[in-house]
Amino acid sequence: VCSSDLCGMRPTRQSRSRSTIRGQPVSRSQPDVISSDCMNAAIIVAAGTGSRFGSDVPKQFLEVAGRPIVAHAISTFERATSIDSVIVVVSEDRVGYATDFLSKNNFTKVTAVAVGGDTRALSVRSGAEQLPEGAQIVLIHDGARPLLNLADIDAVINAARSKGAACLVAPVTETIKRVENGIVDATVDRAPLRRALTPQAFRRDVFEAMMESGDSGLATTDECMLAERLGFEVAAVEGDSANIKVTHPHDLLTVEAFLRSNG
Ligand code: CTP
Ligand code: MG
C-alpha cells in the first residue's frame with residue numbers, strides 16, 4: 001500500500017505508451033492502461049554475452065529447472081504484488097527468442113522487450129526508454145540472478161521510497177587481500193564491506209537524474225554507482241546472500257541445486 005505523499009506525485013490515471021522495439025510496436029496481450037497510485041517498474045537486463053561463463057548460448061538463456069535462467073528472475077517479479085511492470089532487455093538477435101518464452105510462460109506484467117547495448121549501462125538506458133510514465137520506483141535487476149526472493153524486492157522498494165536509492169547487499173564472507181604484482185600488500189578489514197546484489201531501486205526523480213548525468217561512458221557495473229557519484233544517499237538493504245549472479249559455469253551448479261531443493 002502506498003501513501004499518497006510518497007507515490008502520488010503524479011495523477012494516478014494515465015495511459016502507458018505502447019511498448020516498442022526500436023519504434024516498432026510489440027504485440028503483447030496485456031491491457032494498454034496500467035493505473036495505480038504507486039507504480040513500480042522493474043528493468044531486467046539480459047543482453048550480455050557472458051564472456052566469463054564462456055558458453056555458446058549466453059548464460060542467462062541456459063535452461064535450469066525447465067526454463068531459462070532469466071525466466072526464473074522474471075517469474076519472481078511477476079509474483080511480486082509490489083511490481084506492476086517488467087521490461088526485459090535482450091540483445092537484438094534474442095528478441096524473437098525472448099518474445100517466444102515470455103508468451104509461453106504467460107508473463108503478463110512484461111510491458112516491453114528492449115534491445116540492449118554494448119555495456120550493461122547502455123542496456124539499462126535502453127530499458128529506461130520503455131518505462132511507463134507513471135512508474136514511481138524503478139528497479140534494475142540482472143537477468144543472470146535467478147535466485148532473488150520476494151521479500152528482498154519489497155525491502156529494496158521500501159528503502160528507495162524513503163531514501164531515494166537503495167542497494168541490496170550481502171556480507172563478504174572471505175578474507176580479502178589487496179594484491180599488487182603477485183604480492184599480498186594488505187588484508188582489508190571486511191567488516192564494513194558488502195557485495196552489491198540486485199535488484200537496486202530508485203525513486204523516479206533520482207533515476208532520471210542518474211540517466212541524465214551523462215555518465216554512461218563510465219565503467220559502471222551497477223546503477224548505485226551513478227547515484228553515489230551524484231551525491232545521493234544510497235540505502236544498503238541486507239538481502240539474501242543466496243541471490244548470486246551466474247558468472248562462471250560452477251555458479252550454475254549452485255543455482256540448479258538451490259532450485260531443486262526449493263522447488
Ligand atoms: N548485461 C546486459 N548488457 C550488456 C552486458 C551485461 O544486459 N551489454 C547484463 C547481463 O546479461 C547480466 C547482467 O547485465 O544479466 C550482469 O552482467 P554480467 O554478469 O557481467 O554479464 P555479462 O556481461 O554477460 O558477462 P561477462 O561480464 O562475463 O561478459
Ligand atoms: Mg559483464
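This is a predicted model: local features need pLDDT of at least 70, side-chain atom pairs count only at pLDDT 80 or more; totals for chains, interfaces and linings use all residues.
**A201**

Is A201 buried or exposed? A201 has 0% relative accessibility, so I count it as buried. The cut-off for buried is under 20% relative accessible area. I placed A201 in strand β12.

Next I listed the contacts of A201, leaving aside neighbours within four places in sequence. They are I137, V138, L139, V156, I157, A160, G164, A165 and A166. I checked one of these pairs by C-alpha distance.

**T198 and P199**

I looked for cis peptide bonds. One joins T198 and P199, with omega at about 10°. P199 belongs to strand β12, the strand where I found A201. T198 also turns up among the contacts of D142.

**D142**

I moved on to D142, which is in strand β8. Its relative accessible area is 9%, so D142 is buried. What does D142 touch, leaving aside neighbours within four places in sequence? I found I44, V45, R120, T198 and K245.

**The largest pocket**

I looked up the largest pocket and noted a volume of about 870 Å³. Its lining has 35 residues. Which of them are closest to the centre? They are A47, G48, T49, K59 and R120. So R120 is both a contact of D142 and one of the residues closest to the pocket centre.

I then sorted the lining by element. β3 (39–46), α4 (120–128) and β12 (194–203) each give two or more residues. β12 gives the most, with four residues. By class, I noted eight nonpolar, 15 polar and 12 charged residues in the lining.

**Helix α4**

I looked at what covers them.

**Helix α6**

G214 comes after the helix, and its phi is positive, near 70°.

**Helix α8**

I checked the length of α8 (residues 249–262). It has 14 residues and reaches 21 Å from first C-alpha to last. That is close to the 20 Å expected at 1.5 Å a residue.

I then sorted α8 by burial. D251, L252, V255 and L259 are buried. They cover an arc of only 105° around the axis, which puts them on the same side of α8. What do I find on the other side? H250, L253, R260 and S261 are exposed there. The buried residues of α8 pack against β4 (63–64) and α2 (69–79).

**Positive phi outside glycine**

I searched for residues other than glycine with positive phi. N106 has phi near 55°. N106 sits in the loop between α3 (95–104) and β7. With 52% relative accessibility, N106 counts as exposed. The cut-off is over 50%, and N106 is at 52%.

N181 is another case, with phi near 50°. I found N181 in the loop between β10 (176–180) and β11 (183–188). N181 has a relative accessible area of 79%, so it is exposed.

**Whole chain**

I closed with totals. The protein has eight helices and 13 strands. How much of the protein is buried? Buried residues make up 49% of its 263 residues.

Last, I looked at contact range. I took contacts between residues at least 6 apart in sequence. Of these, 74% join residues at least 24 apart.

How values were computed: Residues are numbered from 1 along each chain as its sequence is written. Chains are lettered from A and ligands numbered from 1 in the order in which they are written. Side-chain values use heavy atoms; hydrogens and water are left out. The expected span of a helix is 1.5 Å times one less than its number of residues. Buried means under 20% relative accessible area, exposed over 50%, partly exposed in between (1.4 Å probe, protein chains only). The arc is that of the directions from the helix axis to the C-beta atoms. Contact means heavy atoms within 4.5 Å. On a 1 Å grid over the protein atoms alone, a cavity is a set of points where a 1.4 Å probe fits but cannot get out, and a pocket is an open set with protein on both sides within 12 Å along at least five of seven lines; lining residues have an atom within 4 Å of a point. Grid points are joined across faces, edges and corners, and a volume is the space filled by probe spheres set on the points. Ala, Val, Leu, Ile, Met, Phe, Trp, Tyr, Cys and Pro count as nonpolar, Asp, Glu, Lys and Arg as charged, and the others, Gly among them, as polar.
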